Amino acid sequence: MKPVLAQTGPTTSPPRSAPIGTWLLIGAGTVLLVAIGVINLGRQRR
Amino acid sequence: LIRNPIAWCAWALATLGAAFIDRNPFLQALLLLVLINVWLPYRHGRPTYLRVSLALAAIPVLFSVGLSRFGSHAIFTLPGWPIVGGPLTWDALAFGANTGLALMLTIAVFGIVQSTVRSADLVSLLPRPLYRLGTVFALSIAFTPKAIASFHSIQEARALRSQRTGWRGVPAVVVPLLLSTLEQALQYGESLDARGYGNQRRSRYRPIAWSVADAIATLFAALSIALLIAFPAAPYDAYDSLVPKTPSGISAIAVLSLAAPAVLAALSGARR
């Protein structure tokens, strides 16, 4: 009979970290959109 | 600025696809920001459609919260009243808000296209067999705001004569409204006849031209559609998991590509 530790299956991989790249992309896009919005709004007010 | 109706149609198609397919709340918020940015440089007139879209967005929220009893995150529980009794859940609220936001985005897209593209240009894009049908359809749509304006002017005239103007006075408004609409229809018919409608080949007063900005906006719209189809975003179901998953970077790029008209407007102004 195998020891208990040997009966356990393959070790599970740790949970993947949050995709920082995606959040950076969304954040950069949001900042860019706000900047463009401010530019276009300012131009119309003039 | 983008003037070509084909470029606007491509943009609208891509944006509608994103609004229908991307139900992730983060992407929806990003798309809302994109639409506000595109609306800002191209807006003119009163944005009535914004009010309509806000009202329509509230309906799914009310229905979902009021009638759905699914979900495990309760806000509070109503006593056992028929139909509405039971727990009101955050899951139902999130589901309704998700659906309402998709509706709002869809109406906003149509509103932006309506304020940027003339109906005559859209009709001129139709193939020859559909041209007459398209003209009749565009004219019938154009009748709605005319009929509303006639209704308001009749109501004002009645108010000046100290007659009823509320809902009780509506039956008395129907006949003059019908007569004024018929008169407008006859005027439309005469003007179409005077312009030789249906008698000769179509001619264009202003031929539709392509600029660099139109081509760039169309390319970005095509890129967005291609990314949406090739890499569909993970679906969001509030009842399954209340907290939405992080969207993929490709989906974010597909949504950000739709901001091309706003970016081009900002750049064209900077060059002036």
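**A guided tour of the interface and the ring pairs**

Begin by selecting B:Trp8 and B:Tyr42, both of which are buried. The coordinates shown are those of a predicted model. These two residues will return at the end of the tour.

**The interface**

Next, display chain B together with chain A, and select the residues in contact: 22 in chain B and 16 in chain A. Between the two chains an area of about 1600 Å² is buried, and carbon and sulfur atoms give 72% of it.

A search for salt bridges across the interface of chain B and chain A returns zero. Polar contacts, in contrast, are present: five residue pairs between chain B and chain A, with both residues at pLDDT 80 or more.

Now colour the helices of chain B. On the side that touches chain A, at least two residues each come from α2 (25-42), α9 (249-256) and α10 (260-271) of chain B. The most is given by α2(B), with seven residues. Coloured by residue class, this side of chain B shows 16 nonpolar residues, five polar and one charged.

**A ring pair between the chains**

Turn to the aromatic side chains, where six aromatic pairs are counted over all chains. Select A:Trp23 and B:Phe26, an edge-to-face pair with 5.0 Å from centre to centre and 90° between the planes. Why does this pair join two chains? A:Trp23 belongs to helix α2 (residues 20-45) of chain A, whereas B:Phe26 belongs to helix α2 of chain B, so the pair joins two chains. A:Trp23 is partly exposed, at a relative accessible area of 32%. B:Phe26 is also partly exposed, with 32% relative accessibility.

**A ring pair within chain B**

Return to B:Trp8 and B:Tyr42: their ring centres are 4.9 Å apart and their planes stand at 90°, so this pair is edge-to-face. It links distant parts of the chain, as B:Trp8 sits in helix α1 (residues 5-21) of chain B and B:Tyr42 in helix α2 of chain B, 34 residues apart.

Ring pairs link B:Trp11 with B:Trp8 and B:Tyr42 into a cluster.

Notes. Residues numbered from 1 in each chain as written. Chains lettered and ligands numbered in written order. Predicted model: local features only at pLDDT ≥ 70, side-chain atom pairs only at ≥ 80, totals over all residues. Heavy atoms only, no water. Contact = heavy atoms within 4.5 Å. Buried area = accessible area lost by both parts, 1.4 Å probe. Salt bridge = Lys/Arg side-chain N within 4 Å of Asp/Glu carboxyl O. Polar contact = N/O pair within 3.5 Å; in protein donor to acceptor, adjacent residues only side chain to side chain. Helix = DSSP H or I, 4+ residues; strand = E, 2+ residues; numbered from the N terminus. Nonpolar A, V, L, I, M, F, W, Y, C, P; charged D, E, K, R; others polar. Phe/Tyr/Trp six-rings, centres within 6.5 Å; stacked < 30°, edge-to-face > 60°. Buried < 20%, exposed > 50% of the residue type's maximum accessible area, 1.4 Å probe, protein only.
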